[in-house]
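Good morning, colleagues. I would like to take you through one feature of the structure now coming up on the screen.

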Amino acid sequence: MIPLRPLGVGEILDGAVSTLRAHWRTVLGITLAVAAAVQIAEVLLRRYVLPRAPALDADASPSEVLEQTTESLRVSMVGAVPSTLLGLVATFVTTALLTFVVSRSVLGRPVSFGDVWRDARPRLVPLLGLTMLIPLLVVAVVAVGVLPGWLVGSTAGALLVFFGGLAALLVVVWLTVRFSLAYSVVMLEGQGVIASLRRSAKLVRGSWWRIFGILLLTALLTALITVIITIPFTLIALALSEGGMSGMLEGGSEYSWSFLIVTAVGGVIASAIMYPISAGVTVLLYVDQRIRREALDLELARAAGVPGYGSASPGDTTPGS
């Protein structure tokens, strides 16, 4: 699937797409199932549980506008909590399975759901720990940056919140890139949570900006794909909803079933494409860093049975072996 040498940006992106294309039955089976489950849960939450943003009053006084804005912000924050948790669940499941889809594809091995599940199952508990730890670390960093200004209050406190939040954002970005390979380490090398974070930091050292650029480019590409796919579904959903676009903008009413179902279908399709590309890029970045630092290309050639590189051991089935 990839050349056995240090990879360029285009080769990493092409390798991720090639995995989706070559093993589309297994990949789409995984991602469609996960995305559908997440979207169904979100539809039910938005319909029956989550509060709806208050209706906007065009004739409201400045104090009422401030109150409406505050209430809208509160509703948005409440709605973001279950969406974030569902996103973590989706990340956990897709990472666990797609990591081995990509790793087996690198070696030219058969890729079936049974093979992938057999490889992933022993590593689910450490992966779950890592999936929970990283968001908690992000929350802790943001709290440290914002909380002092929040407690101070007044204008000085607002400035402190702004600059503290900005500093926290920079730290979060730095940590995200530094630990971006930890998921692959957990799954492919069989290391624990803390050891995987240390291992990721070691692999990223000296290549932070390159990895940051590739991850940023991947995020932009997947975001663009998501927008292209979801906009038509959103427009169709608005057209089918009672009141149309104006009714949705005014707020204050429940989401209609037609709006929720049509937008959920768009979300499922977008996620089914986005998940494998993101997972593929992450795994191939891990492989690329090990090729550059540890001559993993020689091990991969032996594991894949390339003539002239010797034979692989019976258990040598993944790039992390």
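Let me begin with a term: helices here are DSSP runs of H or I with at least four residues, numbered from the N terminus. Please bear in mind that this is a predicted model.

The topic is a nonpolar patch on the surface, formed by Ile40, Leu44, Tyr48, Val49, Trp257, Ile261, Val265 and Ile269. Together these residues have about 760 Å² of accessible area.

Which helices each supply at least two residues of the nonpolar patch? They are helix H2, spanning 24-48, and helix H11, spanning 257-294. H11 provides the largest share, namely four residues.

Let us turn to H2. This helix has 25 residues and reaches 35 Å from its first C-alpha to its last, which is close to the 36 Å expected at 1.5 Å a residue. H2 also contains buried residues, among them Val27, Ile30, Val34, Val38 and Val43.

Val49, another member of the patch, lies in the loop between H2 and helix H3, the latter covering 62-106. Is Val49 buried or exposed? Its relative accessible area is 57%, so Val49 counts as exposed, the cut-off being over 50%.

On the H11 side, consider Ile261, which is found in that helix. Ile261 has a relative accessible area of 46% and is therefore classed as partly exposed. The C-alpha atom of Ile261 is separated by 9.7 Å from that of Phe233, a residue 28 positions away along the chain.

Thank you for your attention.

Methods:
Residues numbered from 1 in each chain as written. Predicted model: local features only at pLDDT ≥ 70, side-chain atom pairs only at ≥ 80, totals over all residues. Heavy atoms only, no water. Patch = residues over 30% accessible without salt bridge, like charges linked within 9 Å, V, L, I, M, F, W, Y side chains within 5 Å. Areas by Shrake-Rupley, 256 points an atom, 1.4 Å probe, with all protein chains shown as cover. Salt bridge = Lys/Arg side-chain N within 4 Å of Asp/Glu carboxyl O. Buried < 20%, exposed > 50% of the residue type's maximum accessible area, 1.4 Å probe, protein only. Expected span 1.5 Å × (residues − 1).
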